[in-house]
Structure formats: structure tokens, C-alpha cells
Amino acid sequence: MAALAEVRRIERQKKYLWPGSIGSAMVRWRSFVHQPNRRLWEYESGGCTEWACCGDPWQAREFLDAVMLAMSRRRSRELRGIVEALDRRY
């Protein structure tokens, strides 16, 4: 719960984030690494670029990195464990 509160605070502070952006980034990254064709994903594929629909998984991963760096060490550890497990799957 404390980690979630810290994420919400960071979302309000960083201009490139918005409320719920990290939750969306987590969903985007998780769904991407579980796709069987994930290694074939191309940014220039000409597909939908709407974040809520088919957002860039690499941008999602960058958002996760940015928030983990902005969080306190203790709270970041919780999120980092989840993200690193997904990274290993990729």
C-alpha cells in the first residue's frame, strides 16, 4: 500500500506521467512479455499508436524504470521484483 501511494505521488509530480499511467504501463509490459510473438514487435509497423489500445511496450518499460528510480529504495524494491520477473520472461 505504501508503494502504491508513492507511485501515485510520483505520477502527480512528473510532467510526463498522468494518474494511472504506471498501472497502465505495468499492464502493457505484462501483456507484451506474455505474447508469443513479442520478439517480432516493431515500432514502425504502422499499427495503432493509441496508448490505451496498443501503446508502445518499450515506453511502458521506460515509465516503470523512471518511477522505480524516483521511488524510495524500500518501496522501489517491491515494484522492481515484479518488473524484473517480467523482464526475465522476455
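User: Quick one on aspartate 65: buried, partly exposed or exposed?
Analyst: Aspartate 65 is partly exposed, with a relative accessible area of 33%. Bear in mind that this is a predicted model.

User: Which residue forms a salt bridge with aspartate 65?
Analyst: Arginine 61 does. The closest N and O atoms are 2.7 Å apart.

User: How are arginine 61 and aspartate 65 placed in the helix?
Analyst: Both are in helix H4, which covers residues 57-70. They are four residues apart, so about one helical turn separates them.

User: And arginine 61, buried or exposed?
Analyst: Buried. Its relative accessibility is 13%, and the cut-off for buried is under 20%, so arginine 61 qualifies.

User: Which residues make up the salt-bridge network?
Analyst: Arg61, Asp65 and Asp87 are linked in it.

User: How many salt bridges in total?
Analyst: The count is four.

User: Let's take another. What does arginine 9 pair with?
Analyst: Arginine 9 forms a salt bridge with glutamate 6. The closest N and O atoms there are 3.5 Å apart.

User: Where do those two sit?
Analyst: In helix H1, residues 2-13. Arginine 9 and glutamate 6 are three residues apart, so about one helical turn lies between them.

User: Which residue does glutamate 78 meet in a salt bridge?
Analyst: Arginine 75, at 4.0 Å from N to O. Glutamate 78 is partly exposed, with a relative accessible area of 42%.

User: What else does arginine 75 touch?
Analyst: Leaving out residues up to four places away in sequence, arginine 75 touches Ala2, Ala3 and Glu6. Glu6 is also the salt-bridge partner of arginine 9.

User: How far is arginine 75 from leucine 4?
Analyst: In sequence, 71 residues. In space, 8.6 Å, C-alpha to C-alpha.

User: Step back a bit. What's the overall secondary structure?
Analyst: Five helices and zero strands. From the N terminus on, the elements run α-α-α-α-α.

User: How much of the chain is buried?
Analyst: Of its 90 residues, 33% count as buried.

User: And what share of contacts comes from residues 24 or more positions apart?
Analyst: Such pairs account for 68% of the contacts with a separation of 6 or more.

User: OK, helix packing. At what angle do H2 and H5 pack?
Analyst: About 25°, with their axes 9 Å apart. Angles under 35 degrees count as roughly parallel, so H2 and H5 are roughly parallel to each other. Their crossing is left-handed.

User: Which residues make that contact?
Analyst: From H2, Met26, Trp29, Arg30 and Val33. From H5, Leu79, Ile82, Val83, Leu86, Asp87 and Arg89. The contact has seven nonpolar residues, no polar ones and three charged.

User: Tell me about arginine 30. What is it in contact with?
Analyst: Setting aside neighbours within four places in sequence, arginine 30 is in contact with Ile82 and Leu86. Arginine 30 and leucine 86 are 56 residues apart in sequence, yet 6.5 Å apart in space, C-alpha to C-alpha. Arginine 30 itself is partly exposed, at 37% relative accessible area.

User: Now H2 and H4. What angle there?
Analyst: About 130°, with axes 8 Å apart. H2 and H4 are therefore oblique to each other. H2 passes H4 in a left-handed crossing.

User: Which residues are in that one?
Analyst: H2 gives Ile22, Ala25, Met26, Arg28, Trp29 and Phe32. H4 gives Pro57, Trp58, Ala60, Arg61, Phe63, Leu64 and Val67.

User: How does that contact divide by residue type?
Analyst: Into 11 nonpolar, no polar and two charged.

Key
Residues are numbered from 1 along each chain as its sequence is written. This is a predicted model: local features need pLDDT of at least 70, side-chain atom pairs count only at pLDDT 80 or more; totals for chains, interfaces and linings use all residues. Side-chain values use heavy atoms; hydrogens and water are left out. A salt bridge is a side-chain nitrogen of Lys or Arg within 4 Å of a carboxyl oxygen of Asp or Glu. Buried means under 20% relative accessible area, exposed over 50%, partly exposed in between (1.4 Å probe, protein chains only). Axes are lines fitted to C-alpha atoms, for helices over the stretch in contact, and angles run from 0 to 180 degrees between N-to-C directions. Angles under 35 degrees count as roughly parallel, over 145 as roughly antiparallel, 65 to 115 as roughly perpendicular and the rest as oblique. A crossing is left-handed if the near helix is turned anticlockwise from the far one by less than a right angle, and right-handed if clockwise. Contact means heavy atoms within 4.5 Å. Ala, Val, Leu, Ile, Met, Phe, Trp, Tyr, Cys and Pro count as nonpolar, Asp, Glu, Lys and Arg as charged, and the others, Gly among them, as polar.
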